[in-house]
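This report describes how two protein chains meet in a structural model and what lies on their surface. Please read it alongside the sequence and the coordinates.

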Amino acid sequence: MIPVDYYIIVSILLFSIGSAIVFTRRNILYVLMGIELIFNAANINLVAFGQFEPYLNGQLFSMLVITVAAAESVVALAIVIVLFKKLNTIDLSEIKNLKEK
Amino acid sequence: MTLIQIVFFFFSIQLLGSALVILFTRNVVYAAIALMSTLLGVAALFVIAGSDLLAVVQLVVYVGGVLILLLFGVLYTYRDPETYYEKKNILLSIATVIGISIALLFLLRDLAFDFPLLHASPFDQKGITKATGYYWITDKVVVFEVVAVFLLIVLVGAGWIASKVLEQNKRAQ
């Protein structure tokens with residue numbers, strides 16, 4: 001039996017790597033991958049705590065998180081396609097249409 | 001150290017190592033492959049935690065769906081690497097990782113997780129996947145219906161957004 005603390009440490013490290021990707025990378029696709037990593041870190045926590053609960057509600061909630069992550073990825077990909085068609089770039093530092101002149 | 005702990009550490013190191021590859025690589029395709037490795041590692045952790053059904057869902061949804069979608073995005077938005085050069089700030093990345101993880105571990109230090117360690121761990125129980133499936137599809141079926149409608153709305157909406165812009169582009173040309 002693995003103690004819960006190990007799962008939490010792995011999840012913390014995964015979360016920090018994911019947020020570092022979101023904060024520092026410029027390409028929008030890397031940012032999407034970082035968001036997926038953060039979702040997975042949350043899922044690890046839910047499953048690790050949910051194994052003590054006889055009705056497995058943690059796993060059910062984790063399943064919801066997975067589906068919402070899939071939906072988020074679909075919408076984000078649609079937005080990426082629109083951005084690339086309109087502005088011909090996926091670099092977040094080059095997209096400044098809303099910036100005040 | 002028991003065998004299950006060795007397996008756990010192996011998969012955690014694989015998972016975190018490939019996550020670091022995503023953080024530091026310059027090639028988007030390498031990053032997508034590393035993301036696949038990370039997701040497989042997470043699925044292995046789910047199996048160790050006794051939720052086999054969720055591991056299968058993880059494989060189907062993430063590795064089969066989201067990753068292919070991301071690869072499509074990579075190919076669609078391809079740019080010549082010689083004209084597009086992403087500036088990297090390695091020091092800032094390392095500082096962010098270390099800072100956030102140390103802050104969260106510092107928070108963890110004060111929490112004591114005195115959960116009762118089950119002697120018969122969940123992955124030893126026979127037929128837990130079957131029981132989980134029955135429980136979810138009978139008692140919790142409303143949740144799945146809500147998720148199904150939500151996914152339908154999202155898919156139709158995403159296709160509508162993308163196709164509208166593509167048609168406008170075609171008309172403009």
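A:Tyr6 is found in helix H1 of chain A, where helices are DSSP runs of H or I with at least four residues, numbered from the N terminus. This is a predicted model, in which local features need pLDDT of at least 70 and side-chain atom pairs count only at pLDDT 80 or more, whereas totals for chains, interfaces and linings use all residues. Residues are numbered from 1 along each chain as its sequence is written, chains are lettered from A in the order in which they are written, and side-chain values use heavy atoms, with hydrogens and water left out.

## The interface between chains A and B

Contact, meaning heavy atoms within 4.5 Å, links 67 residues of chain A with 82 residues of chain B. The two chains bury about 7000 Å² between them, 79% of it on carbon and sulfur atoms; buried area is the accessible area (1.4 Å probe) that two parts lose on being put together, summed over both.

Helix H1 (4-24), helix H2 (28-50) and helix H3 (57-87) of chain A each supply at least two residues of the side that touches chain B, and the largest share, 23 residues, comes from H3(A). By class, that side of chain A has 45 nonpolar, 14 polar and 8 charged residues.

## A backbone detail

A:Asn88 lies in the segment after H3 of chain A, and the phi of A:Asn88 is near 60°, a positive value in a residue other than glycine.

Terms used:
Ala, Val, Leu, Ile, Met, Phe, Trp, Tyr, Cys and Pro count as nonpolar, Asp, Glu, Lys and Arg as charged, and the others, Gly among them, as polar.
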